[in-house]
Amino acid sequence: MAETGTNATSKGDSITRAPTAFEKHGNTAFRLASYLFAWMTVLLVLYIAYTIARQAVPAMSKYGWGFVTGTKWDPNTKEFGVLPEIWGTLYSSLLALVLGTLFGVAVAVYLSEHYLGFLVFSVLKLFGVQFHPFWGKLPDRLEVLLKNLIELLAAIPSVVYGLWGIYFIIPLIRPLCQWFQVKLGWIPIFSTTLSGPGMLPAGIVLSVMIMPTIAAISLNSLLAVPPKLRQAAYGLGATRWETILGVILPTASKGIFGAVILAFGRALGETMALAMLIGNSNVISWSLFSPGNTLAALLANNFAEAGPGEIGVLMFAALILLGITLLVNVVGAFILDKASSGREGAKR
Amino acid sequence: MSLAPQCSLNSVSNGDKDGVVIDCDVRELYYGKFKAVRDTRIAIERGKITAFIGPSGCGKSTVLRCLNRMNDLVRGFRFEGQVCFQGTDIYHNSIDPVAVRRYIGMVFQQPNPFAMSIFRNVAFGLKLNGYKGDKAERVENALRRAALWDEVKDKLHDSGLSLSGGQQQRLCIARAIATQPQVLLMDEPCSALDPIATRRIEDLMLELKQNFTIVIVTHNLQQAQRVADKTGFLYVDTTQGGRTGYLVEYGETRQIFEDPVEKYTQDYISGRFS
């Protein structure tokens, strides 16, 4: 255009044109392909559920509701019931969720508020290097490092967590558990002794496993809170604490809740670490120190020796686990939808 | 704040000490190494509307945010000078910036209601200040004063975010005045609004003037002329390599617009540069 000088906008110079047939059809093809892949994923989920359900049918017709309410698991007498496993699955997951949410949200708040940054900044200020090109960026880099370290927790293999739980956590907490049992044994959750594996070590390890999920997603939703809301709260004379509790956390609550639901789903299905830590005994107990069992651990422990008749039973248990996870996710999505219905336009 | 450190600034411009709520003397203000504002002395008078005008980047919002220590939230902020609020040096070490912001309220450029109900938005400040009385009455009063009551009285428990932009801004004004601060700072409160909503906010400012001292930043010159009693013109000094804002002229609005003393002011208000 520079050569034509004054006549830069003349008709001959225009390079605009309509999209070609290829470009148009490419568009359609791309759309169809994404439709196809998306639906294939959905169908895959349904197909998995279908095959499991089909193989579970014999056991379902044989045991019926008694399978869900029964408390015995004995291949010799062909008595099967998974109530202790359902109880153990929910108990260990909820325990992990309480601990994991507490720590995960705390980490997310710590990082989103740049507490670390301010700490490092004030240290740097003492040395007068606040705005050095390298040192000045140190706080941000440390925060990224910390965030990555926490996400690294999610990358540790489940079996490694199991070993860590057996050889580190259980010996570590056992004296404390003993003390609680002796002093506060009249409270149901402290009513038995910790003889090794049990709910509490399982819950603790599980909470470490789900904590990164909660922290990462909560952090994202905390960072997504518009800075203008923070300004508004400070402008009204709110302290930092009041701002976090009164404005930032409620605004991010939807995302945090989503994180918790996702983590709950993970905890329900977690297998290896729990199979190693929970004790694998059919017990229903309120006690934190009692051994127990979960559906996932039950499957992992029994599939190798399962006879032909037992496969159907295991499939039935798998179907129940699938059902629980699905229910949690659906109920979670529903609550999420309800909770956010008053907030349309939040993006304005 | 009565036991607070005394202000050492000597008598204000016109000698009428009682009329001045905030006496602001910004000698130097830095963000990191960047010198943002220098030599700006403005006395905010009680019950009047004071406007800061000037081109973008001249530091008018920065000066405004000095008045309630909002700048303290910016990393690397450094301030040399004094801001005296009713005779108290609010930058003294013993003063908590949070306390300052409770006495001097603020309305921002973007409407920023919280993601909660209209009622709870207005009651937020009441809660912060530990108000034990009749919250509903205070909320209604603030909404009436912000000229929003009739539009929202039937849906106080709807989300504040369900309102239109202009209504949201009036909600933010209601939220800021619910605790009856002495001074209200408004940082380009109409720049995100259409002309009709803008007009309503301006009318509202003239109403509020009876009870509050208002300081407004605007780059709409007509707006300054319509609402402000006093106007300060800030300009950018680029002679020393940086972009440092400073106060060129401060006086009665009529005088600034009709008979400016400084050539820069005259050029700016006549649109000879932007």
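Putting chain A and chain B together buries about 2400 Å² (accessible area lost with a 1.4 Å probe, summed over both parts), and carbon and sulfur atoms give 62% of that. The model is a predicted one, so local features need pLDDT of at least 70 and side-chain atom pairs count only at pLDDT 80 or more, while totals for chains, interfaces and linings use all residues. Residues are numbered from 1 along each chain as its sequence is written, chains are lettered from A and ligands numbered from 1 in the order written, and side-chain values use heavy atoms, with hydrogens and water left out.

Chain A brings 28 residues to the contact and chain B 29, where contact means heavy atoms within 4.5 Å. One salt bridge turns up across this interface (a side-chain nitrogen of Lys or Arg within 4 Å of a carboxyl oxygen of Asp or Glu): Glu242(A) pairs with Arg102(B), with 3.3 Å between the closest N and O atoms.

Turning to the rings, the whole structure holds 22 aromatic pairs over all chains (Phe, Tyr or Trp rings, the six-membered one for Trp, with centres within 6.5 Å). Phe67(A) and Phe316(A) make a stacked pair, 4.3 Å centre to centre with 10° between the planes; stacked means planes under 30 degrees apart. Phe67(A) sits in helix 2 and Phe316(A) in helix 12 of chain A, so the pair ties together parts 249 residues apart in sequence (helices are DSSP runs of H or I, at least four residues, numbered from the N terminus). Phe67(A) is buried at 0% relative accessible area, and Phe316(A) is buried too, at 8% (buried is under 20%, 1.4 Å probe, protein chains only). Ring pairs also link these two with Tyr63(A), Trp73(A) and Phe80(A) into a cluster.

Technical notes:
Buried area = accessible area lost by both parts, 1.4 Å probe. Phe/Tyr/Trp six-rings, centres within 6.5 Å; stacked < 30°, edge-to-face > 60°. Helix = DSSP H or I, 4+ residues; strand = E, 2+ residues; numbered from the N terminus. Buried < 20%, exposed > 50% of the residue type's maximum accessible area, 1.4 Å probe, protein only.
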